[in-house]
Amino acid sequence: MQIFLPPEVEALLQRQITYGKYNNAIEVILAGIKLLEQQEDIYQGRLEEIRQEARIGLEASQQSKLVEASRAMAQIRANLQSRHHVSDEA
């Protein structure tokens with residue numbers, strides 16, 4: 001397989017080799033492919049989390065266990081802050 005890269009991509013590959021991070025272009029490309037695979041795994045995992053949360057929400061609505069929007073948003077913000085250690089002052 002032959003691959004033709006735009007000059008800016010070739011320059012990026014060469015910089016990575018010059019900096020000593022990789023020995024050759026194949027190593028740089030393989031590292032990029034591994035990152036893509038990791039990213040896909042992360043997205044797939046997050047998709048499953050969202051689906052589960054949607055199922056929980058649907059079940060709650062069917063059982064009339066709904067929460068006021070302002071309260072729900074406060075809970076979401078609190079969850080995000082605890083996950084990412086972020087304050088409202090940011």
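In this predicted model, the largest pocket has a lining of 13 residues, and those that lie nearest its centre are Glu53, Ala72, Gln75, Ile76 and Asn79. Two elements, helix 2 and helix 3 (69–84), each give two or more residues to this lining. Helix 3 gives the most, with six residues. The space in the largest pocket amounts to about 420 Å³. Sorted by class, its lining comprises six nonpolar, three polar and four charged residues.

Glutamate 53 counts as partly exposed because its relative accessibility is 42%, and partly exposed residues lie between the 20% limit for buried and the 50% limit for exposed.

Arginine 46 also forms a salt bridge with glutamate 49, at 2.7 Å from N to O. These two residues both belong to helix 2 and are three residues apart, about one turn of the helix. Arginine 46 has a relative accessibility of 35% and is therefore partly exposed; glutamate 49, at 40%, is likewise assigned to the partly exposed class.

The structure contains three salt bridges in total. Besides the two pairs described above, the side chains of arginine 51 and glutamate 48 meet in a salt bridge, with 3.0 Å from N to O. Arginine 51 and glutamate 48 are separated by about one helical turn because they are three residues apart in helix 2. Both partners are partly exposed, arginine 51 with a relative accessibility of 41% and glutamate 48 with 35%. Through salt bridges with shared partners, Arg46, Glu49 and Glu53 are joined into one network.

Ile26, Ile29, Leu30 and Ile33 make up a nonpolar patch on the surface, and their accessible area together is about 350 Å². Of these residues, isoleucine 26 is located in helix 2, which spans residues 25–62. Isoleucine 26 counts as exposed because its relative accessibility is 55%, and the exposed class begins over 50%.

Terms used. Residues are numbered from 1 along each chain as its sequence is written. This is a predicted model: local features need pLDDT of at least 70, side-chain atom pairs count only at pLDDT 80 or more; totals for chains, interfaces and linings use all residues. Side-chain values use heavy atoms; hydrogens and water are left out. Patches are made of residues with over 30% relative accessible area and no salt bridge: like charges are joined within 9 Å, nonpolar side chains (Val, Leu, Ile, Met, Phe, Trp, Tyr) within 5 Å. Accessible areas come from the Shrake-Rupley method with a 1.4 Å probe; for residues, only the protein chains shown count as cover. A salt bridge is a side-chain nitrogen of Lys or Arg within 4 Å of a carboxyl oxygen of Asp or Glu. Helices (H or I, at least four residues) and strands (E, at least two) are DSSP runs, numbered from the N terminus. Buried means under 20% relative accessible area, exposed over 50%, partly exposed in between (1.4 Å probe, protein chains only). On a 1 Å grid over the protein atoms alone, a cavity is a set of points where a 1.4 Å probe fits but cannot get out, and a pocket is an open set with protein on both sides within 12 Å along at least five of seven lines; lining residues have an atom within 4 Å of a point. Grid points are joined across faces, edges and corners, and a volume is the space filled by probe spheres set on the points. Ala, Val, Leu, Ile, Met, Phe, Trp, Tyr, Cys and Pro count as nonpolar, Asp, Glu, Lys and Arg as charged, and the others, Gly among them, as polar.
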